[in-house]
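Let's take a walk through this structure together. Have the chain in view and follow along as we go.

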Amino acid sequence: MNEFDFEMLKVISDVGNITKASEKLCITQSALSKKIRLLEDELGVRLLERHRGGYRSPMRGRSY
């Protein structure tokens, strides 16, 4: 993971929408989606859950 990966996840979490996040990050929606899939494959964990109206972290609201 690099600094952009953390920023990417933070922006997605903040806006809750891949399209809006891609606009804020100045990359295409498809490039952002691909980056998420590659990062999930690299780490072996699901970083985002798709839900009605957008995305959210699967860890949101859970205790660590």
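Start with helix 2, where I18, A21, S22 and L25 are buried (under 20% relative accessible area; exposed means over 50%, and partly exposed is in between, with a 1.4 Å probe and protein chains only). These four sit on the same side of helix 2, because they cover an arc of only 100° around the axis, an arc taken from the directions from the helix axis to the C-beta atoms. Here's the background: an α-helix has 3.6 residues a turn, so residues three or four places apart point the same way. On the other side of helix 2, K20, E23 and K24 are exposed.

A quick word on the source: this is a predicted model, in which local features need pLDDT of at least 70, side-chain atom pairs count only at pLDDT 80 or more, and totals for chains, interfaces and linings use all residues. Residues are numbered from 1 along each chain as its sequence is written, and side-chain values use heavy atoms, with hydrogens and water left out.

Now for the neighbour. The axes of helix 1 (residues 3-15) and helix 2 (residues 18-25) come within 9 Å and cross at roughly 135°. That makes helix 1 oblique to helix 2; oblique is what's left after under 35 degrees (roughly parallel), over 145 (roughly antiparallel) and 65 to 115 (roughly perpendicular). Who touches whom? In helix 1, F4, E7, M8, V11, I12 and V15 meet I18, K20, A21, K24 and L25 of helix 2, where contact means heavy atoms within 4.5 Å.

Last stop: E42 in helix 3 (residues 29-43). E42 counts as exposed because its relative accessibility is 57%.

Key. Axes fitted to C-alpha atoms, helices over the stretch in contact; angles between N-to-C directions. Helix = DSSP H or I, 4+ residues; strand = E, 2+ residues; numbered from the N terminus.
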